[in-house]
Amino acid sequence: PGYAGRTELPDNLKALFRPMAMMIPDYALIAEISLFSYGFSEGRALAQKMVATFRLSSEQLSSQDHYDYGMRAVKTTLTAAAGLKRSRPDLSEAELVLTALRDVNVPKFLNEDLPLFAGITGDLFPEVNPPQPDRTQLNGALVATATKLGLQPAEVLLYKCTQMYETVLVRHGMMLVGQPWSGKSSVIKTLSGALTSLHAAQPEGLFPEVRVHTINPKSIKLGQLYGAFNQMTGEWTNGILARVVRECSADPSATNHWIVMDG
């Protein structure tokens, strides 16, 4: 209760459970230990700055349903920082953490919240300006794929495709949020096509082949999507989503499988 995605129990059910006291985890200590385990030498100071960034963001930025500043966001940022430390050892530790904070959080913020977040990170990481990653190759493939799909390669489309690519690198699942006809499906098609074309040109390169499995969840019942238990026969029938996940998991190649709920 009180956490996103949870609902309060009815009083008659609540009386059957024994109440338990729980404490809020020490985010700074968890982040500090994680950073030290990833090889950071300035783990304590960077962990405190990271937690302060999320705390100030929760206080100053607008309230949106998809904003999250809890342990999930901290863990994702730590994972991104660890990956950056392995892939970009030339950057300082402050630059690595700041880059991870930006990569994880900026794609989900509204435009009016971006200057506030930039101000918070600028105050906590003064004189830290990590270089932007070179996306020239990806941008070229995005323009070619968008043109092939009959879309105008507008700057906002390329920007959102790049943000989605950076989010894919640090998260297993995501949700594209926007008004109808705002280009959510076009971003998925353009990015997946661009990554696949880059992989075809350079099979041993950084970009993976992408296979998209699109499901319209609104066109079928809940049992058909996830699976259902037949009360008459006592048999379990797998849903469409379960079958697709099993097929994707059985693929031994390095192909990225995107299961898209779009409907």
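Buried means under 20% relative accessible area. Keep that cut-off at hand for these exercises on a predicted model.

**Exercise 1.** Decide whether threonine 76 is buried or exposed, and find what surrounds it.

*Solution.* Start by placing the residue: threonine 76 sits in helix α4. Next, take its relative accessible area, which is 10%. The cut-off for buried is under 20%, so threonine 76 is buried. Now follow its side chain, which reaches the backbone oxygen of arginine 72 at 2.8 Å. Finally, leave aside neighbours within four places in sequence: threonine 76 is then in contact with Val104, Val170 and Arg171.

**Exercise 2.** Work out how α3 and α5 are arranged relative to each other.

*Solution.* Two packed helices are described by the angle between their axes and the distance between the axes. Here α3 and α5 pack at about 25°, and their axes are 11 Å apart. Angles under 35 degrees count as roughly parallel, so α3 and α5 are roughly parallel to each other. Their crossing is right-handed. On the α3 side, the contact is made by Leu46, Met50, Thr53 and Phe54, while α5 brings Glu93, Ala94, Val97, Leu101 and Asn105.

**Exercise 3.** Describe the largest nonpolar core and the surroundings of phenylalanine 125.

*Solution.* This core has 32 residues, and Phe125 is among those with the most contacts inside it, as are Phe40 and Val97. Elements giving two or more residues include α3 and α5, and the largest share, seven residues, comes from α5. Then look around phenylalanine 125: not counting residues up to four places away in sequence, it touches Leu46, Lys49, Thr53, Ala94, Val97, Leu98 and Leu101.

Definitions and conventions
Residues are numbered from 1 along each chain as its sequence is written. This is a predicted model: local features need pLDDT of at least 70, side-chain atom pairs count only at pLDDT 80 or more; totals for chains, interfaces and linings use all residues. Side-chain values use heavy atoms; hydrogens and water are left out. A nonpolar core is a set of buried Ala, Val, Leu, Ile, Met, Phe, Trp, Tyr and Cys residues joined through side-chain atoms within 4.5 Å. Buried means under 20% relative accessible area, exposed over 50%, partly exposed in between (1.4 Å probe, protein chains only). Helices (H or I, at least four residues) and strands (E, at least two) are DSSP runs, numbered from the N terminus. Contact means heavy atoms within 4.5 Å. A polar contact is a pair of N or O atoms within 3.5 Å; within protein, one must be able to donate a hydrogen and the other to accept it, and residues adjacent in sequence count only if both atoms are side-chain atoms. Axes are lines fitted to C-alpha atoms, for helices over the stretch in contact, and angles run from 0 to 180 degrees between N-to-C directions. Angles under 35 degrees count as roughly parallel, over 145 as roughly antiparallel, 65 to 115 as roughly perpendicular and the rest as oblique. A crossing is left-handed if the near helix is turned anticlockwise from the far one by less than a right angle, and right-handed if clockwise.
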